[in-house]
Amino acid sequence: MSITRRVRPLFSAAVLAAGLAAGLFAAGGVAAETIELKVSHFLPPQHTIHKELVRWGQELEDKSGGRIKLAIFPAAQMGPMPRQFDLARRGVADIAFSLHGGTPGRYPLTEVANLPFLVKSSEASSKALTELIPDYLSKEYEGLRALYTIVVPPLNLNMSKKRITSVDDLKGLRIRHAGRLFAETIQALGATPVAVRPNEIADSMSKGVVDGALLPFEGAAAFKLGDVTKYVLEPGINAATFALMMNPAKYESLPEDLRKLIDDTTGPEAAARIGRAFDEAEVHGREVMGEKAQIDTMSPELRADFEAAIAPVTENFLGELDEKGLPAREVYAKMKAAGA
């Protein structure tokens, strides 16, 4: 065999090896690795937000060329709902999605959006609240990097047995709530607020532990309340707020282009898009619940009675934050002006 024929295979192999090596290195000569971010939340896999996180993970993977992936842990696998934000704060999870009402008082300005009859559209409310983070909410999220906030459609009264046709019909009933302001609203209506974990609501209603629960149509359908709900009263009263939070140290450890990718796929516009998905899911959830339960819409007179009964909840909360020197009325006015 000639020297030329012996060298050619060796040369080809060297070229191939060089090409493979080049593909293993990112800019700056550092080996490109797949970065896996652990994402924790407490919601079931069929919930809108879990589906959104799966979609977002695919987007990050596609746009990063596989350099970043999400490992999503739903249904409180990494910890109970009240601990979700702390999981991200301590770095147990890299990213966490949770409910502000699960830790009452820790995010008071954010909780302004929970006040009764303030929210109409999840899309508008979610975008507006996320836009308030830099100037109004950032101090509440110390130790966290807020990616976006979500305000779900207002929560309806889902009743296991009793139909609500007047405020008096609620007197003496036990209603599951989603946080402090929800509890105060229930009390103002003459009922007793009861704390029940989301995945235990249907069982609690079926056993008579509670007579009803505050949940939007989408949430009621996701937690399978259709089989235990006989009556639903709309429109919803209070709206729950959620947020997607990231551990700041983990964010800073990412390469600049991956940090930019996270920034570009979160923020106010992402919040608006996800809010729009919640609005659309609410329409579908209403159809699902309507197949099992009777849905009643408040008459103007009944709505006026509800508003009169719970008006003190709003004033008392805003006044309390005023005394603490917090700009609660500014946040309330901005949410209202945004068409929320």
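Residues 24 or more positions apart account for 76% of the contacts (heavy atoms within 4.5 Å) in the protein chain that have a separation of 6 or more. The model is predicted: local features need pLDDT of at least 70, side-chain atom pairs count only at pLDDT 80 or more, and totals for chains, interfaces and linings use all residues. Residues are numbered from 1 along each chain as its sequence is written, and side-chain values use heavy atoms, with hydrogens and water left out.

**Overall architecture and confidence**

- The protein chain contains 13 helices and 11 strands, where helices (H or I, at least four residues) and strands (E, at least two) are DSSP runs numbered from the N terminus.
- Of its 340 residues, 51% count as buried, a class defined by under 20% relative accessible area with a 1.4 Å probe and protein chains only; exposed is over 50%, and partly exposed lies in between.
- The C-alpha trace of the protein chain spans about 100 × 45 × 30 Å along its principal axes.
- The average pLDDT (the predictor's confidence in each residue, from 0 to 100) is 90 for the protein chain, and 90% of the residues score at least 70.
- Over residues 1–31, the pLDDT is below 50, and this stretch has 8 contacts in the model beyond near neighbours in sequence.

**Pockets**

- A pocket is an open set of points, on a 1 Å grid over the protein atoms alone, with protein on both sides within 12 Å along at least five of seven lines; a cavity is a set of points where a 1.4 Å probe fits but cannot get out, and lining residues have an atom within 4 Å of a point.
- Grid points are joined across faces, edges and corners, and a volume is the space filled by probe spheres set on the points.
- The largest pocket holds about 390 Å³ of space, and among its 23 lining residues Met81, Pro82, Val196, Arg197 and Pro198 lie nearest its centre.
- Its lining comprises 15 nonpolar, 5 polar and 3 charged residues; Ala, Val, Leu, Ile, Met, Phe, Trp, Tyr, Cys and Pro count as nonpolar, Asp, Glu, Lys and Arg as charged, and the others, Gly among them, as polar.
- The second largest pocket has about 270 Å³ of space, with 15 lining residues, of which Lys120, Pro153, Pro154, Pro235 and Gly236 lie nearest its centre.
- Helix 11 (residues 268–290) provides the largest share of the second largest pocket's lining, 4 residues, and that lining has 7 nonpolar, 2 polar and 6 charged residues.

**Cavities**

- The structure holds 3 cavities of 30 Å³ or more.
- The lining of the largest cavity divides into 13 nonpolar, 2 polar and 2 charged residues.
- The second largest cavity has a volume of about 50 Å³, and its lining residues include Met81 and Pro82, which also lie nearest the centre of the largest pocket, together with Val196, Arg197 and Pro198.
- Helix 3 (84–90) and strand 3 (95–99) each supply at least two residues of the second largest cavity's lining, with helix 3 giving the most, 4 residues.
- By class, the second largest cavity is lined by 5 nonpolar, 4 polar and 3 charged residues.

- The 16 residues of helix 2 (residues 48–63) should span 22 Å at 1.5 Å a residue, and its end C-alpha atoms are 22 Å apart, which agrees; the expected span is 1.5 Å times one less than the number of residues.
- Buried residues of helix 2 include His50, Glu52, Trp56 and Glu59, and the helix is followed by Gly65, whose phi is positive, near 65 degrees.
- Helix 6 (residues 180–188) buries Leu181, Phe182, Ala183, Thr185 and Ile186, and the elements covering them include strand 6 (174–177), strand 7 (192–195), strand 8 (212–215) and helix 12 (300–323).
- Just after helix 6, Gly190 has a positive phi of about 95 degrees.

**Individual buried residues**

- Ser204, in helix 7 (residues 201–206), is buried, with a relative accessible area of 8%.
- Leaving aside neighbours within four places in sequence, Ser204 is in contact with Val196, Val209 and Val210.
- Leu254 lies in the loop between helix 9 (248–253) and helix 10 (256–264) and counts as buried at 3% relative accessibility.
- Not counting residues up to four places away in sequence, Leu254 touches Ile35, Met246, Arg259 and Ile262.
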